[in-house]
Amino acid sequence: LFSGLLATALLPGLTVTANADSTSTGTIGFEAGSLIIDDGGTDLSTANLDFGSNEISNADKTYSNTNTTAQATVNDLRGSNAGWTLGVAQTGQFSYTDSNSKTHTLDNATMTLNGTLGSDSTTGVGSTVKTGVTLTPDNQSATLMYATEGNGNGKSIADISGSTLAVPGATVKVQGNYTTTL
């Protein structure tokens, strides 16, 4: 709001005073962006889980993820408040192919994603990260993080560094590095 008095001398000795009340506005527009799923960088490389190198055992064991930066990020820049769901699927059991081209699997091994909302998430984003998300090696999607309608705009980070892998003692294990795809 601009207001003030304008006094101008038009003729010597004659002063005209004008009262000028007026308003001004500021505007900004936004165009819809996209919904991006990554690790907060340019790809999903830090979303990798690593359960270490372990001795073969015939006891039931639960191995903890050693990648302390494991995370998945949803950047919702659509500006629609439509909500979203981030699902994770394990495409097959952990497997290893030896030098003789024989494939070995960790039968009945169970991966559990233990997620928490990362501290670098946008304040007030309103997303929820689930913990105790058990994956099955049949490519069935399980929800890790979601935002209901009216929430989710901005950056939501699922810190999955606390994830685990349970391997039964009865599962046959051979020396090698087993992998799976999420």
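The following chat concerns the predicted model of a protein chain.

Q: What secondary structure does the protein chain have, helices or strands?
A: The protein chain has 0 helices and 15 strands; helices (H or I, at least four residues) and strands (E, at least two) are DSSP runs, numbered from the N terminus. This is a predicted model, in which local features need pLDDT of at least 70, side-chain atom pairs count only at pLDDT 80 or more, and totals for chains, interfaces and linings use all residues. Residues are numbered from 1 along each chain as its sequence is written, and side-chain values use heavy atoms, with hydrogens and water left out.

Q: How many of the residues count as buried?
A: Of the 182 residues, 31% are buried, where buried means under 20% relative accessible area, exposed over 50% and partly exposed in between (1.4 Å probe, protein chains only).

Q: Which residues of the largest nonpolar core touch the most other members?
A: They are M111, L113 and L144, in a core of 26 residues. A nonpolar core is a set of buried Ala, Val, Leu, Ile, Met, Phe, Trp, Tyr and Cys residues joined through side-chain atoms within 4.5 Å. At least two core residues come from each of β5 (71–76), β6 (84–88), β9 (110–113), β12 (133–135), β13 (142–147) and β15 (164–167). The largest share, 4 residues, is that of β13.

Q: And what does L113 touch?
A: Not counting residues up to four places away in sequence, L113 touches L49, V88, K130, T131, G132, V133, L135, L144 and S163. Contact means heavy atoms within 4.5 Å.

Q: Changing topic, what volume has the largest pocket?
A: Its volume is about 880 Å³. On a 1 Å grid over the protein atoms alone, a pocket is an open set of points where a 1.4 Å probe fits, with protein on both sides within 12 Å along at least five of seven lines; lining residues have an atom within 4 Å of a point. Grid points are joined across faces, edges and corners, and the volume is the space filled by probe spheres set on the points.

Q: Which lining residues are closest to the centre of the largest pocket?
A: Of the 36 lining residues, these are L49, D50, F51, F94 and Y178. Two or more lining residues come from each of β6, β9 and β15, and β6 gives the largest share, 3 residues.

Q: Where is N67, and is N67 buried or exposed?
A: N67 is in the loop between β4 (61–64) and β5. N67 counts as buried because its relative accessibility is 18%. The C-alpha atoms of N67 and G162 are 8.8 Å apart, although the two residues are 95 residues apart along the chain.
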